[in-house]
Amino acid sequence: MFKLKENGTTVSREITAGLTTFFAMAYIIVTNPNILSEAGMEWGAVFLATIISAIIGTLVMGLVANVPYAQAPGMGLNAFFVYTVCGALGFTWQQALSMVFICGLFNILITVTKIRKSIIKSIPRSLQNAIGGGIGIFVAYLGLLNVRIITFGSDVPALATLNQPAFWLFLIGLALTVVLLVLKVKGAVLIGIIATAIIGIPMGVTSTTDTVSFIDACKALPSTFGAIFTAEGLPSLFTDMAKLPLVLITIFSFSVTDTFDTIGTFIGTGRRAGIFSDEDEKAMESTPGFKSKMDRALFADATATSIGAIFGTSNTTTFVESAAGIGAGGRTGLTSVVVAICFALSAFLATFVSAVPFAATAPALVVVGIMMMSSFKEIKWDDFEDAVPAFFAGIFMALCYSISYGIGAGFIFYCITKICKKQAKEIHPILWVVTALFILNFVLLAII
């Protein structure tokens, strides 16, 4: 079913990859309800909605697209949901969920009409390589920030004072994972996560946290499930016509970030690992319907956002932490199925799953980020006109902690360099449109 031999993998490797991806992203199970509950949503309801949306989205990705990507409510998007949409703009959480639902429908539309696929095809290979290396830096930076070994005291980034057990555990885990990879030990990344978590027990870093029981979560779920279809949801978005432009701007911002985070993840991890090959790209061009892996993966990602909104969570998106499983050898949808099973079990074992600290998973993200940076070697860094867009598309996404913003900045400077070189005709028409939309998005975010 998963064509393991054709993809050069095995059952054991896919299971290892699935476990690696799950532990790298398991923090979302508790973190997402912690954030969304600040908007007035019930913690238990969001907890279960997070797990359900992750299971459905990841299963669709695995069984329909046969690619090793996991989905769950995205970090950054959930913060935008709470602090900008519900906080600064004053929308209720029901209205915010409704906008996420519409965003999902819009993403489905641009996927079915092949617009998202056309955007990917319009990105020049130099920028694709930059995005691939940039995802590597982003993943590694994500690991460092998760464990808080990088601090921002007085607004200046610096190495934290190594006076906490979590920092020492991270360094131990990083050294252990590097050694295992250098020695080419099978399942090195997963072994590193588990061993580091175990070492963290006597250090007091690996410890359980309080969560709700599965039964209590089920009792709370009706408070968010289907809330978008009540009077406080979708209908309320269109009762005040004066607010309609703000609603549309917010949906647009949700969609731009969601779309390009996914595109960046697919390009950055899929091309280097051979998951999305040149042959698959040709199939996208010549075959009608959803016959290529990329087509099906984009559709799986698009549907997950609306499904998540129905259950009661912010944008469900393809997790960049999927790179950890891909780095561990995951190449097919079996990896995703394993992740989905782990999420299902976590509904009953959340207390134990949440015990795995960031200090145990951060080393995995750092080493996978190192692996992915090999894409930078394809870029002509000694050619300034190639280096400038590559810098912004790659390195800038980590500096501003946003895949989509990095891609947007890369597109803008790519157009600028081509115009200066009087090579504007080389810019794909779709790239012109997307670049204009990014500029519009930056302007609108500044206004709201």
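**Legends to views of the predicted chain**

**View 1. The whole chain.** Of the contacts in the chain with a separation of 6 or more, 79% are between residues 24 or more positions apart; contact means heavy atoms within 4.5 Å. This is a predicted model, in which local features need pLDDT of at least 70 and side-chain atom pairs count only at pLDDT 80 or more, while totals for chains, interfaces and linings use all residues. Residues are numbered from 1 along each chain as its sequence is written, and side-chain values use heavy atoms, with hydrogens and water left out. The chain has 20 helices and 4 strands, which are DSSP runs numbered from the N terminus (helices H or I, at least four residues; strands E, at least two). The C-alpha trace spans about 65 × 55 × 55 Å along its principal axes. A compact globule of 448 residues would have a radius of gyration near 22 Å, and the 21 Å of the chain agrees with this; the radius is taken over C-alpha atoms, and the globule rule is 2.2 Å times the number of residues to the power 0.38. Of the 448 residues, 57% count as buried (under 20% relative accessible area, with exposed over 50% and partly exposed in between; 1.4 Å probe, protein chains only).

**View 2. Helix H3 against helix H16.** H3 (residues 43–63) and H16 (residues 333–353) pack at an angle of about 165°, with their axes 7 Å apart. Axes are lines fitted to C-alpha atoms, for helices over the stretch in contact, and angles run from 0 to 180 degrees between N-to-C directions. Residues making the contact include Phe47, Ile51 and Gly62 of H3 and Gly333, Val337 and Phe343 of H16. By class, this contact has 14 nonpolar, 5 polar and no charged residues (Ala, Val, Leu, Ile, Met, Phe, Trp, Tyr, Cys and Pro are nonpolar, Asp, Glu, Lys and Arg charged, and the others, Gly among them, polar).

**View 3. Surroundings of Phe2.** Phe2 is in the segment before helix H1 (11–25) and counts as buried, at 14% relative accessibility. Leaving aside neighbours within four places in sequence, Phe2 is in contact with residues including Gly62, Leu63, Gly333 and Val337. Phe2 and Arg331 are 329 residues apart in sequence and 9.4 Å apart in space, C-alpha to C-alpha.

**View 4. Surroundings of Asn146.** Asn146 lies in helix H7 (residues 125–146). With 16% relative accessibility, Asn146 counts as buried. Not counting residues up to four places away in sequence, Asn146 touches Phe358 and Leu365.
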